[in-house]
Amino acid sequence: MSGGIREQIREALQAGAASVSELHARHLNPTFIEALGLFGFRRHYVRAEGLSLWDDQGREVLDFLAGYGAISLGHNHPDVRGAIEEVLQACPPQFLLVAPPPLAAELARRLISFAPCGLDLCFFGSSGSEAVEGALKLARLATKRKRFVSAERSYHGTTLGALAVTGSERHRRPFEPLLQDASFVPFADTSAIEAELRRRDVAAVILEPMQGEGGMHPAPAGYLKEVSALCLRYGALLVLDEVQTGLGRCGRMFACEEDGVEPDVILLAKGLSGGLVPISALITRKSLWQRAYGTLERYDLHCSTFGGGALACAAALATLEVIRRDGLVEAAAQQGEYLLQQILAATAGHPLIKEVRGRGLLLGIELDAPAGKIGKDLAGQWLVVGLLERGMLVQVCADAAGVVRVQPPLTVTREAIDRFAAALKDTLAEHATGRWKSVTAAAARAVRTTTARAFG
């Protein structure tokens with residue numbers, strides 16, 4: 001890289017908050033910048049390491065959001081960085097597409113060694129939505145059926161196919177009509193799924209083992225097992241979207257292991273990246289892939305230019321090794337239980353708290369605010385801003401803003417958990433001492449911010 005280009009990168013990384021926000025608003029997403037200010041998130045982060053972020057004022061923030069799960073090992077993990085540097089030094093071909101890439105082959109081997117029995121083939125992409133698209137296409141070709149069944153409140157991505165099986169009306173409605181062959185049933189209702197499967201035209205049932213954006217709702221015991229049996233009986237595929245729950249997040253390598261389920265397809269993304277290079281994976285049975293694509297006429301019908309890139313695969317290989325070497329699956333189960341107990345203690349008896357639930361290091365704090373959905377939305381934002389003011393980064397669920405999501409990296413320590421619990425208790429005591437106070441305070445903040453922007 002020439003000195004001029006290096007200098008440009010250094011200057012961009014060192015740019016001030018006002019300059020970055022102005023450029024983003026001009027050329028990327030102006031409403032995003034407005035929302036950050038409205039919700040009290042206008043900070044400029046300049047450095048990240050492990051569990052910590054530092055802004056341009058030198059304030060440390062502990063990351064209990066972890067990029068919605070993508071920062072699985074904490075920020076800038078040295079082993080993931082080292083794996084990427086190894087590839088850069090070796091100068092292998094990138095995105096050659098006319099020869100099998102060696103790191104993709106090795107990553108597939110490693111992933112399959114962790115996966116439930118019977119899953120023996122991988123396809124790599126760049127995002128969770130892309131993995132979902134691949135699963136829908138595979139199901140249609142392998143079963144020669146058109147319809148899909150998903151759950152209400154589910155979230156499977158933002159591309160058109162993924163949106164079609166996403167149970168969030170807020171995300172779906174602006175883009176309709178989508179695929180017309182998707183049906184939605186209540187989460188955890190096996191009888192509703194069977195009613196759809198009896199028509200024998202369902203290509204796949206796609207579910208999250210724990211609904212994330214829909215409000216952190218874990219599948220009840222036995223639910224996925226029963227759905228798996230129903231899919232087998234009626235000839236549909238079972239696709240489990242483990243983009244948020246997989247790779248140790250819920251205290252098991254895959255959340256479906258809690259029910260002893262062997263699905264036809266598992267989807268991964270987020271945590272597989274190690275927090276540095278985007279990658280997603282579709283893991284399935286070779287027999288299904290061959291049924292769908294196993295001819296010279298079809299073998300390349302589903303492809304991805306950037307799928308299986310050397311940098312992404314190296315980052316994923318390092319992530320898997322760190323998870324194995326450091327016992328992070330078991331640690332997530334233990335630290336998750338400790339985090340749950342600390343949150344329960346910090347919120348005990350508070351009138352704003354309705355329920356704390358989740359699995360492992362994927363937890364949700366549901367609020368019980370007045371004034372319906374608007375009240376819950378405002379209270380949720382008020383709580384996360386109060387935590388940010390105390391050095392803790394969390395966020396609300398995209399389709400359940402009255403639920404605050406808590407999902408630190410798998411490397412979280414008890415010391416960090418104690419600091420989080422103390423900040424949570426203090427925030428509730430100072431900023432949300434009653435159900436109405438939290439709502440009115442949040443509304444007042446929004447009015448103040450909007451007024452300042454209008455006249456400032």
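Trainee: Why does Cys91 count as exposed?

Mentor: In this predicted model, Cys91 has a relative accessibility of 62%. The term exposed applies over 50%, so Cys91 counts as exposed. The residue belongs to the loop between helix 4 (78-90) and helix 5 (102-114).

Trainee: What makes the backbone of Cys91 worth a remark?

Mentor: Its phi is positive, at about 55°, although Cys91 is not a glycine. Leu97 also has a positive phi, of about 70°, and is not a glycine either.

Trainee: Where does Leu97 lie, and why is it called exposed?

Mentor: Leu97 lies in the loop between helix 4 and helix 5. Its relative accessible area is 57%; with the cut-off for exposed set at over 50%, Leu97 is therefore exposed.

Trainee: Why is Thr159 called partly exposed?

Mentor: The value for Thr159 is 32% relative accessibility. Buried requires under 20% and exposed requires over 50%, with partly exposed in between; Thr159 therefore counts as partly exposed. Thr159 is placed in the loop between strand 5 (147-151) and helix 7 (160-164). Its contacts, leaving aside neighbours within four places in sequence, are Ser129 and Glu133.

Trainee: Why is Thr284 called buried?

Mentor: Thr284 has a relative accessibility of 0%. Since buried means under 20%, Thr284 counts as buried. This residue lies in strand 12 (residues 280-284). Not counting residues up to four places away in sequence, Thr284 touches several residues, among them Gly118, Leu138, Asp264 and Trp289.

Trainee: What makes the peptide bond from Glu176 to Pro177 cis?

Mentor: That bond has omega near 5°, and it is cis. Pro177 is in the loop between helix 8 (169-172) and strand 6 (182-185).

Trainee: How do you know that strand 1 and strand 2 pair?

Mentor: Strand 1 (residues 45-49) and strand 2 (residues 52-55) share four bridges in the antiparallel sense. Pairing needs at least two bridges, so these two strands pair. Within this arrangement Arg47 stands opposite Trp54, and Glu49 stands opposite Ser52.

Trainee: What do strand 1 and strand 2 form, and how many residues are between them?

Mentor: They form a hairpin with two residues between them. Gly50, in the turn, has a positive phi of about 60°.

Trainee: Which strands make up the open sheet, and in what order?

Mentor: Four strands form it in the order 1-2-3-15, with mixed pairing. Strand 1 and strand 15 (392-393) stand at the edges, and each has a single partner strand, so one side of each is left without a neighbour in the sheet.

Trainee: How do you know whether the radius of gyration agrees with that of a compact globule?

Mentor: For 456 residues, a compact globule would have a radius of gyration near 23 Å. The protein chain has 22 Å, which agrees with that expectation. Along the principal axes, the C-alpha atoms fill a box of roughly 65 × 60 × 45 Å.

Trainee: What share of the 456 residues is buried, and what share of the contacts joins residues at least 24 apart?

Mentor: Buried residues make up 53% of the chain. Of the contacts between residues at least 6 apart in sequence, 72% join residues at least 24 apart.

Trainee: What is the secondary structure of the protein chain, and how far apart are the mean positions of its positive and negative charges?

Mentor: The chain has 16 helices and 17 strands. The mean positions of its 49 positive and 50 negative charges are 3 Å apart.

Key. Residues are numbered from 1 along each chain as its sequence is written. This is a predicted model: local features need pLDDT of at least 70, side-chain atom pairs count only at pLDDT 80 or more; totals for chains, interfaces and linings use all residues. Side-chain values use heavy atoms; hydrogens and water are left out. The radius of gyration is taken over C-alpha atoms; the globule rule is 2.2 Å times the number of residues to the power 0.38. Buried means under 20% relative accessible area, exposed over 50%, partly exposed in between (1.4 Å probe, protein chains only). Contact means heavy atoms within 4.5 Å. Lys and Arg count as positive and Asp and Glu as negative; His and the chain ends are not counted. The place of a charge is taken as NZ of Lys, CZ of Arg, CG of Asp or CD of Glu.
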